[in-house]
Amino acid sequence: MENEEVVLLSFWACTFAGKVRVALAEKGIEYKSMEQDMVTKGDLLLKMNPVHKKIPVLIHNGKPICESQIILQYIDEIWPHKSPLLPLDPHQRAVARFWADFIDTKICELGKKIWKTKGEEKEAVKKEFMESLKLLEGELGDKPYFGGENLGYVDVSLLPFSCWFYAQEKVGDFSIETDCPKLIAWTTRCMEKDSVSRSLPDQQKIYRFVLGLRKLFGVEE
């Protein structure tokens with residue numbers, strides 16, 4: 001499609017926006033990224049997402065699409081010919097959507113709790129977090145990607161969260177690789193792709209960001 005205007009309302013550390021950046025890069029879609037202030041929230045964000053008032057928002061030819069998983073599916077439907085994210089088989093598509101939802105709900109929430117909690121509560125969260133990652137590793141199996149031979153919907157959904165693994169390990173004093181070596185090998189493999197490495201923040205930058213959040217929330221130990 002020619003003469004298209006693609007704009008992404010984003011924030012560098014937002015995992016949900018990170019998915020959209022990876023998906024657009026995988027498909028070779030040029031876009032303008034507009035960083036948003038997540039405290040004040042500018043007029044454009046409020047106009048484009050008046051219901052939830054949050055990022056990411058993809059603006060395609062002036063029309064907004066909200067919610068990251070909906071955005072990913074929209075991208076796959078509008079630009080289907082390069083690097084398809086979802087499989088053609090209906091059951092496989094449903095399975096991919098299931099795991100993407102698992103990531104958005106279970107992995108995201110437990111990951112946040114690791115740096116938001118301390119003491120016995122944090123230890124319990126770490127245990128549940130690792131159990132959830134083991135389930136994901138089981139789904140990955142011996143495949144190079146969750147999508148099989150090529151990067152797919154589940155890969156794109158999980159990758160931005162994997163950028164937080166280092167910070168979670170440092171704050172929680174544990175090792176993901178010890179229990180989930182295949183999952184960590186997957187992250188390394190994915191980061192070798194330019195579409196991924198150029199779209200996601202450095203893990204050290206995320207770690208510094210998390211330390212700042214812990215101070216803000218008063219959970220330093």
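Helices (H or I, at least four residues) and strands (E, at least two) are DSSP runs, numbered from the N terminus. This is a predicted model, in which local features need pLDDT of at least 70, side-chain atom pairs count only at pLDDT 80 or more, and totals for chains, interfaces and linings use all residues. Residues are numbered from 1 along each chain as its sequence is written, and side-chain values use heavy atoms, without hydrogens and water.

- An open sheet is formed by four strands in the order 2-1-3-4, with mixed pairing; two strands pair if DSSP finds at least two bridges between them.
- Strand 2 (32-35) and strand 4 (63-66) are the edge strands, each pairing on one side only.
- Strand 1 (residues 6-10) and strand 2 run parallel and are joined by four bridges.
- Ser-10 has Glu-35 in strand 2 as its bridge partner.

**Helix 1**
- Helix 1 (residues 15-26) packs on the sheet and touches strand 1 and strand 3 (57-60), where contact means heavy atoms within 4.5 Å.

**Backbone in the loops**
- Most residues other than glycine have a negative phi, and most peptide bonds are trans.
- The peptide bond from Ile-55 to Pro-56 is cis, with omega near 0°, and Pro-56 lies in the loop between helix 2 (43-48) and strand 3.
- Asn-61, in the loop between strand 3 and strand 4, is not a glycine, yet has a positive phi of about 50°.
- Ser-83, in the loop between helix 3 (68-78) and helix 4 (90-116), is not a glycine but also has a positive phi of about 50°.

**Accessibility**
- Asn-61 counts as partly exposed because its relative accessibility is 42%; buried means under 20% relative accessible area, exposed over 50%, and partly exposed in between (1.4 Å probe, protein chains only).
- Ser-83 has a relative accessible area of 23%, so Ser-83 is partly exposed.

Key. Axes are lines fitted to C-alpha atoms, for helices over the stretch in contact, and angles run from 0 to 180 degrees between N-to-C directions.
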